[in-house]
Amino acid sequence: MGRPPNLYSFQSIDDELAPNLRKYVLEQQNEALKRHGVFRVAVSGGSLPKTLAKALLAPSSGEGDTVEFPKWEVFYADERCVPLDHEDSNHKLVKEELLDKIPSDMGQPKVYPIEEQNLENEQEVADQYEKLLVSIFAARDSVKLPLFDLILLGCGPDGHTCSLFPDHPLLREQDAWVYSISDSPKPPSKRITLSLPVVLHGAKIGFVATGGGKQEVLKKIFETEEGSKLPCGLINAGAGDKVSWFCDSPAVENVSFPRRGSVM
Ligand SMILES: O=C(O)[C@H](O)[C@@H](O)[C@H](O)[C@H](O)COP(=O)(O)O
């Protein structure tokens, strides 16, 4: 097993977690821009977009601390098979929480939502999204897996992440980049998700998990054999120190796994 994941815990979301998350995201942004002039990020839904907005919409404190949105390409780590203006859409959530709030002088990222045709056929939605990823990540060369510069995820109370759920057969799938699911235990039932190998391949993987409701599952994920088999645990085990967790104190109150102070 490689090096363990990084676990950060903060007293306050607004005053500590968000500024540290900003620092982390901008480190990945600046690295990626140096590497290939573009920052490719995958984001999921849940509470993440709101916390991300707190991090990214704060004023810049100077050099190296500028969010270069026009150089960002934003993808969805998972999406629900609903129209883009539907209450359940992750794209709608990201748009309302973050994109619509970006001041006009900062410019907008290029965002890649799912296609709205054939929403009733979740396999079709997954295939279309995979085709999109192939056209971007394998434009010139054939690549085995798409390389996101950063994948930002949440953690469900059952240990799911993206739309990869505990004990679900999708966890064993290796072939496609994007899978559909029609029996998601968290509604709505029809969704698409990046595959586990795609997530593990990400250059960096950041989890944001806050609130007392996450306490039990985080203890399990970080401290038990059973938890290491949950989707979040599989990512910790498979991606090691490429993974960073941004948690608040209530979420990790009982977790004795060593924490890091701050992203500095
Ligand atoms: O579309 C979804 O349902 C999400 O992508 C899902 O994976 C989410 O990130 C977790 O359920 C955590 O959600 P919370 O942060 O709201 O607990």
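**Sheet, helices and ligand shell in the predicted model**

In this predicted model, the chain has a mean pLDDT of 96, and 99% of its residues reach 70 or more. For the complex, the predictor gives an ipTM of 0.97 together with a pTM of 0.97.

The chain contains an open sheet of seven strands, which pair in the parallel sense and follow the order β1-β10-β9-β6-β2-β3-β5. Elsewhere in the order, strand β2 (residues 39-43) is joined to strand β6 (residues 150-153) by three bridges in the parallel sense, and Val41 has Leu150 in β6 as its bridge partner.

Helix α1 lies across several strands of this sheet, namely β1, β2, β6, β9 (205-209) and β10 (243-248), and runs at about 160 degrees to β10. Helix α1 (residues 13-36) also packs against helix α2 (residues 48-56), at an angle of about 80 degrees and with the axes 8 Å apart; the two helices are therefore roughly perpendicular to each other. On the α1 side the contact is formed by Ile13, Asp14, Ala18, Leu21, Arg22 and Val25, which meet Thr51, Lys54, Ala55 and Leu56 of α2. Sorted by class, this contact comprises six nonpolar, one polar and three charged residues.

The ligand is surrounded by 14 residues, of which the closest are Ser44, Gly45, Gly46, Ser47 and Gly154. Nine residues of this shell are polar, three are nonpolar and two are charged.

Terms used:
Residues numbered from 1 in each chain as written. Predicted model: local features only at pLDDT ≥ 70, side-chain atom pairs only at ≥ 80, totals over all residues. Near = placed C-beta within 6 Å. Nonpolar A, V, L, I, M, F, W, Y, C, P; charged D, E, K, R; others polar. pLDDT = per-residue confidence, 0-100. Axes fitted to C-alpha atoms, helices over the stretch in contact; angles between N-to-C directions. Helix = DSSP H or I, 4+ residues; strand = E, 2+ residues; numbered from the N terminus. Parallel < 35°, antiparallel > 145°, perpendicular 65-115°, else oblique. Contact = placed C-beta atoms within 7 Å. Pairing = 2+ DSSP bridges.
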